Amino acid sequence: MGRLNFDIAHMFAGGLVLVSFMLLYQDRLYALLNMFAAQALVLAASVAWQAHIQDAPHLYITAAITLIFKAIVIPVALHKIVARLGIHREVETVVSTVPTMLAGIALVSLSMVVMLRVTQGADALAREDLAFALSVVLLGLLMMVTRSNAVSQVVGFMSLENGLILAATGAKGMPLVVEISVAFSVLIALIVVGIFLFRIRERFDSVDIHALDESRGRNR
């Protein structure tokens, strides 16, 4: 592989980690959704570049699915859900921004140390892509843990799934049928989440998941 191909692939994968940190930093729902769309856009570019350097045409389909559904359809749908629910406020957090960002840095460092050691037999690009992918997965999990708003937790889950796609494409791709099934699974999950959010809003006049815990405590 040429040095330029490696550097561009490295740039896209590193950019995905950077955007994941920007997701953690956001404190407004609309800004959070816009940043998720940007993350999906970077992922689509990364997958398309992997399709080029691996000579794997089926990965172009993966890139197109990511661009259409994750960068456009899902963010627009979530924007409409947020507007319909009348949520125009800051993202509720369990932990403040500074400790969350420090925890994110620690998780990225852990990902690099672990993956670069356990993948010593792999080629350099696959090793670094897997390390970056694990970082994105862990940052998505961190978002789910440190956010109490259901919408932001959904974004964290989909960010986690973006990391899995990066790992699969960096490790020489995955079967097309798996990619298509994952895409439709995400869409189905989005529909279920939309219904779930509307039900929470109707019942508790909030999408803060602490309302569910309080209701469960009162019912015991």
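1. What share of the contacts in the protein with a separation of 6 or more is accounted for by residues 24 or more positions apart? The share is 77%, where contact denotes heavy atoms within 4.5 Å.

2. The model is predicted, with local features requiring pLDDT of at least 70 and side-chain atom pairs counted only at pLDDT 80 or more, whereas totals for chains, interfaces and linings use all residues. Residues are numbered from 1 along each chain as its sequence is written, and side-chain values use heavy atoms, with hydrogens and water left out.

3. On secondary structure, the protein has eight helices and zero strands, giving the pattern α-α-α-α-α-α-α-α along the sequence. These elements are DSSP runs numbered from the N terminus (helices: H or I, at least four residues; strands: E, at least two).

4. On burial and surface, 48% of the 220 residues of the protein count as buried. Buried stands for under 20% relative accessible area, exposed for over 50%, and partly exposed for values in between (1.4 Å probe, protein chains only). The accessible surface of the protein is about 10,700 Å², and 68% of this belongs to carbon and sulfur atoms. Such areas come from the Shrake-Rupley method with a 1.4 Å probe, and for residues only the protein chains shown count as cover.

5. The pairing of helix α1 (residues 3-25) with α2 has axes that come within 9 Å and cross at roughly 165°. Axes are lines fitted to C-alpha atoms, for helices over the stretch in contact, and angles run from 0 to 180 degrees between N-to-C directions. The two helices α1 and α2 are therefore roughly antiparallel; angles under 35 degrees count as roughly parallel, over 145 as roughly antiparallel, 65 to 115 as roughly perpendicular and the rest as oblique. The crossing of α1 and α2 is left-handed, a term used if the near helix is turned anticlockwise from the far one by less than a right angle, with right-handed used if clockwise. Among the residues making the contact are Phe12, Leu16 and Val19 of α1, together with Phe36, Leu43 and Trp49 of α2. By class, this contact of α1 with α2 has 16 nonpolar, six polar and no charged residues. Ala, Val, Leu, Ile, Met, Phe, Trp, Tyr, Cys and Pro count as nonpolar, Asp, Glu, Lys and Arg as charged, and the others, Gly among them, as polar.

6. Helix α2 (residues 29-54) also packs with helix α6 (residues 150-170), their axes coming within 10 Å and crossing at roughly 10°. Helices α2 and α6 are therefore roughly parallel to each other. The residues that meet include Leu33, Gln39, Ser46 and Gln50 in α2 and Val155, Ser159, Asn162 and Thr169 in α6. The contact of α2 with α6 has 11 nonpolar, nine polar and no charged residues.

7. Helix α4 (residues 97-118) and helix α5 (residues 124-146) pack at about 150°, with axes 8 Å apart. Helices α4 and α5 are therefore roughly antiparallel to each other, and α4 passes α5 in a right-handed crossing. Residues that meet include Gly104, Val108, Ser111 and Met112 in α4 and Arg127, Leu130, Ala131 and Ser135 in α5. The residues of this contact of α4 with α5 divide into 13 nonpolar, five polar and one charged.

8. Apart from neighbours within four places in sequence, serine 135 is in contact with Val17, Val108, Ser111 and Met112.

9. Threonine 119 lies in the loop between α4 and α5 and counts as buried at 11% relative accessibility. Leaving out residues up to four places away in sequence, threonine 119 touches Arg127 and Leu130. The C-alpha atoms of threonine 119 and alanine 131 are separated by 9.2 Å, with the two residues 12 apart along the chain.

10. Lysine 70, found in helix α3 (residues 58-85), counts as buried at 6% relative accessibility. Lysine 70 and glutamine 39 are 31 residues apart in sequence, and their C-alpha to C-alpha separation in space is 8.9 Å. Glutamine 39 itself is one of the α2 residues that meet α6.

11. Aspartate 55, in the loop between α2 and α3, counts as exposed at 66% relative accessibility. The phi of aspartate 55 is near 55°, a positive value in a residue other than glycine.
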